Amino acid sequence: MLGIAAAVLFVTAFLINAAEITTNDVFSSVNLMLLGLALLALHVAGIGTGRPSRRR
């Protein structure tokens, strides 16, 4: 789920950058890409998978 959210943020940042849309500092393309990168890192780390880890 976090991977999908990261992909959506990356596409949104790309569209803002490609269309040269002016936004405020909070929703700039760089900030959206950094948020996407953080979500992707959490996804790769296994956080938010919804499955409990098996321990023996």
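## Contacts of Ser29

Contact here means heavy atoms within 4.5 Å. In this predicted model, Ser29 touches Ala13, Ile16 and Asn17, when residues up to four places away in sequence are not counted. Ser29 is found in helix H2, and because its relative accessible area is 15%, which lies under the 20% cut-off, Ser29 counts as buried.

## Overall composition

The protein chain has 2 helices and 0 strands; helix H1 comprises residues 2–18, and helix H2 comprises residues 29–45. Of the 56 residues of the chain, 14% count as buried, and the chain exposes about 4,700 Å², of which carbon and sulfur atoms supply 67%.

The buried residues in H2 are Ser29, Leu32 and Gly36. Seen down the axis of H2, these buried residues fall within an arc of 65 degrees, and therefore they line one face of the helix. What covers the buried residues of H2 includes H1, and the contacts of Ser29 with Ala13, Ile16 and Asn17 involve residues that lie within the range 2–18 of that helix.

The face of H2 turned away from its buried side carries the exposed residues Val30, Leu34 and Ala45. Val30 is classed as exposed because its relative accessible area is 53%, a value over the 50% cut-off. Just after H2, Gly46 takes a positive phi of about 95 degrees.

## A nonpolar surface patch

Val30 and Leu34, named above for the outward face of H2, also belong to a nonpolar patch on the surface, which they form with Leu37, Leu40 and Val44. Together, the residues of this patch have about 470 Å² of accessible area.

Ala5 is found in helix H1. With a relative accessible area of 30%, Ala5 is partly exposed, because this value falls between the 20% limit for buried residues and the 50% limit for exposed ones. Although Ala5 and His43 are 38 residues apart along the chain, their C-alpha atoms are separated by 9.8 Å.

How values were computed: Residues numbered from 1 in each chain as written. Predicted model: local features only at pLDDT ≥ 70, side-chain atom pairs only at ≥ 80, totals over all residues. Heavy atoms only, no water. Helix = DSSP H or I, 4+ residues; strand = E, 2+ residues; numbered from the N terminus. Buried < 20%, exposed > 50% of the residue type's maximum accessible area, 1.4 Å probe, protein only. Areas by Shrake-Rupley, 256 points an atom, 1.4 Å probe, with all protein chains shown as cover. Patch = residues over 30% accessible without salt bridge, like charges linked within 9 Å, V, L, I, M, F, W, Y side chains within 5 Å. Salt bridge = Lys/Arg side-chain N within 4 Å of Asp/Glu carboxyl O. Arc of directions from axis to C-beta.
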